[in-house]
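Please read the following note alongside the sequence and the three-dimensional view.

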Amino acid sequence: MRVVVVGAGLAGLAAARELATEHEVLVLDKGRSVGGRLATRRIGAARLDHGAQFFTVRGDAFRAQTDDWLARDVARVWCHGFHGRTDGYPRYVGTEGMNSLAKDLARGLDVRCSALVFTLRRDAGGWSVITDDAHIERADAVVLTCPIPQSWALLMESDVAPPDALLAHEYERTIALLAVLDRPSAVPEPGGVQFDAHDESAAFAFVADHRMRGVSPIPAITCNATVPWSAANWERPTDDLRVEMLARAAAWIGDAQVLEAQVKKWRFATPTAIWPEPCWTAPDVPLVLAGDAFAGPKVEGAFNSGLAAAAAIRSFA
Ligand SMILES: Cc1cc2nc3c(=O)[nH]c(=O)nc-3n(C[C@H](O)[C@H](O)[C@H](O)COP(=O)(O)OP(=O)(O)OC[C@H]3O[C@@H](n4cnc5c(N)ncnc54)[C@H](O)[C@@H]3O)c2cc1C
C-alpha cells in the first residue's frame with residue numbers, strides 16, 4: 001500500500017516508522033521541520049524547547065523506544081522531580097532539545113515539511129491528499145495525526161464522518177515566553193519549576209532553564225503560561241504579551257538581562273478529554289485518526305497512538 005501520514009509529530013512519525021517496513025509511506029507536515037509540539041527553537045546561540053519540556057515513560061513500547069534513544073544519546077535523564085522532591089520516575093529530555101526525538105524517528109523516512117494538507121478526497125481508487133499548492137498525492141490509506149479539529153477539517157469534502165463525540169474534543173491553549181539571558185537565571189535546580197496548570201491566580205505552569213536542562217549552551221528560559229491565563233490573554237498582541245510575561249517572569253530571570261524574548265501561542269496545546277481507544281478507524285475505509293487525544297496528552301500517549309494507527313492500517317493491507 002501507499003500510505004500518506006499527515007503530521008510529523010510523534011504520533012505521525014511513530015506510525016510512519018512502523019508502516020515503512022512493509023509499505024510505501026509519505027509523511028506531510030505543514031511545519032518547517034518535524035516535531036509538532038516537540039518544538040525546539042534556536043535564538044542566536046541559545047536552544048529553547050517551547051512545547052513539551054520533558055517526557056516520562058510508563059509502558060513497554062515507549063520504554064523500548066526510550067532505551068534505544070538513551071543508548072544512542074538521542075535522549076537522556078534530566079531529573080526525577082521538581083522543587084527538591086523526587087518520585088523515582090525519570091524525566092527525560094532530547095539531548096539537543098525535544099525536537100531531537102522527532103528528528104531521530106524521521107531518519108530514513110520520506111518526510112516533506114512545509115506541506116500544508118488542504119483537503120482529502122476519496123474515490124474508487126483510494127485517496128487524493130491535496131496540499132495548499134494544489135499538489136495531489138495518491139494514497140491507498142491515510143493516517144491523520146493533526147489535532148482533531150484540524151483532522152476533521154481535512155475530511156469535509158469526503159464521505160467520512162467521525163462520531164460527534166470525537167468531534168466535540170476541545171484543546172486548551174498555552175502561551176509560551178522564550179527569553180535568552182546574558183547570565184544564569186534564578187530557576188532553581190534541576191532547572192525547572194512546575195505549578196498547577198489550572199490555577200486561576202497564577203501566570204505560569206512551568207518554567208524551564210535550558211542550560212540547566214543541558215539543552216542550550218547559553219542561559220535561556222521558557223515560561224509556559226497556565227491554562228486560564230493563556231485563555232484570558234489569547235487575543236492580545238504579541239508585543240503586549242511579551243512585555244507582561246517578562247514582567248511576570250522577573251523572579252525567574254533574576255539579575256540577568258534579557259537579550260531577546262519571543263512569544264509562541266499553542267492553539268491546540270492539550271486535549272481536554274481522551275478518546276477511549278488509542279486511535280479511531282473509519283468503518284470500512286482505510287483512514288485512521290491518531291494523536292495525543294487518543295492515548296494520553298503526553299509524548300508517550302502520542303507515540304502509543306501512532307503505533308496503534310499503524311496496526312489499524314495494517315488490517316487493510
Ligand atoms: C506547551 C506544551 C507543553 C507540553 N509539555 C509536555 C511535557 O512536558 N511532557 C509531555 O509528555 N507532553 C507535553 N506536551 C504534550 C506533547 O507535546 C504532545 O502530547 C505531543 O507532542 C503530541 O504529539 P502529536 O503527534 O499527537 O501532535 P503534534 O505534535 O501536534 O503533531 C501534529 C502535526 O500535524 C501537523 N499538521 C496539522 N495540520 C496539518 C495540515 N493541515 N497539513 C500538514 N500538517 C499538519 C502539525 O504541524 C504537527 O506537526 C506539551 C505540549 C505543549 C503544547
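**Note on the strands**

1. Strand β9 (residues 126-131) is joined to β10 by 4 bridges, and the two run antiparallel. Within this pair, I130 has I136 of β10 as its bridge partner. Two strands count as paired if DSSP finds at least two bridges between them. Strands (E, at least two residues) and helices (H or I, at least four) are DSSP runs numbered from the N terminus.

2. The model is predicted: local features need pLDDT of at least 70, side-chain atom pairs count only at pLDDT 80 or more, and totals for chains, interfaces and linings use all residues. Residues are numbered from 1 along each chain as its sequence is written, and side-chain values use heavy atoms, with hydrogens and water left out.

3. An open sheet of 3 strands has the order β8-β9-β10, with antiparallel pairing. Its edge strands, β8 (117-123) and β10 (136-139), each pair on one side only.

4. Strand β1 (residues 2-6) pairs with β2 in the parallel sense through 5 bridges. Here R2 stands opposite E24 of β2. Between β1 and β2 the chain passes through helix α1 (residues 10-19), and this β-α-β crossover is right-handed: with the strands pointing away from the viewer, the path from the first strand over the helix to the second runs clockwise.

5. Strand β2 is also joined to strand β7 (residues 110-112), by 3 bridges, and these two run parallel. The bridge partner of L26 in β7 is D110.

6. Why is strand β2 (residues 24-28) described as largely enclosed by the rest of the structure? The reason is that 4 of its 5 residues are buried, where buried means under 20% relative accessible area, exposed over 50% and partly exposed in between (1.4 Å probe, protein chains only).
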